[in-house]
Amino acid sequence: MARVYDIRKLKDLSEEEKTQLLKDAYDLGFKYEHDYHGCSQAAFGALQELFSISNNAVFKAACGFAAGLGASSLMTCGALSGCCMFLSMLYGRERDKIEDPDGYRFIAYNACNKILERYFQEWNTAECKEIQKIKLGGKWFKLIDPEQFQEFISLGAHTNICPDVVGKAAMWCVEVILEKETHGK
């Protein structure tokens, strides 16, 4: 198990501790996807564990975003969706303040956009299907289809391909949180 970090104390971390936090985020994201699958919940769950922030309803809500929405592979990477859910949980507007006079939704939008930028730097896309093609030699799979899912698994997708994507997404999410908590950006 990774060390648990207090978000309110991130600004007090040494550079060595920040480096360890990023490594822990990657490792935990990798482990969750490798062991449990479902990239959106894997990313969200890893971040929950890393920061000891439990919210079962939001974790459950992340389920359907896996593998490009409903395991279709046709939309946004589920790990990106899970990370954006986590950032929105931290920085987004609240239900009882839906008017959002302080502009919290824009804080969440900006945080999520920073991870999206990392996806484009790494893969030039945020779409599950396109990331699969990059990582699987031009092939992509509609994971809701049992036969395609089995072929996807046989290629090692849950051994190291998707865990790497989730690990990177969790690490990028933590980079955004570190920036926000240490520099207020």
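## The largest pocket

A pocket is an open set of points on a 1 Å grid over the protein atoms alone, with protein on both sides within 12 Å along at least five of seven lines, and its lining residues have an atom within 4 Å of a point. In this predicted model, the largest pocket holds about 290 Å³ of space, a volume being the space filled by probe spheres set on the points.

The lining of the largest pocket counts 23 residues, of which Cys39, Ala67, Leu143, His158 and Cys162 lie nearest its centre. Two or more lining residues come from each of helix H4 (78-91), H6, H7 and helix H8 (157-183), and H8 gives the largest share, five residues; helices are DSSP runs (H or I) of at least four residues, numbered from the N terminus.

## Cysteines without a bond

The structure holds zero disulfides, a disulfide being a pair of cysteine sulfur atoms within 2.5 Å. The sulfur of Cys83 has its closest cysteine sulfur in Cys173, 4.4 Å away, which is too far for a bond. Cys83 is buried, with a relative accessible area of 0%, and Cys173 is likewise buried at 0% (buried means under 20% relative accessible area, exposed over 50%, partly exposed in between, with a 1.4 Å probe and protein chains only).

## A loop tryptophan

Trp140 lies in the loop between helix H6 (128-135) and helix H7 (146-154), where Trp140 is partly exposed, with a relative accessible area of 30%.

## Basis of the values

Residues are numbered from 1 along each chain as its sequence is written, and side-chain values use heavy atoms, leaving out hydrogens and water. Local features need pLDDT of at least 70 and side-chain atom pairs count only at pLDDT 80 or more, whereas totals for chains, interfaces and linings use all residues.

Notes. On a 1 Å grid over the protein atoms alone, a cavity is a set of points where a 1.4 Å probe fits but cannot get out, and a pocket is an open set with protein on both sides within 12 Å along at least five of seven lines; lining residues have an atom within 4 Å of a point.
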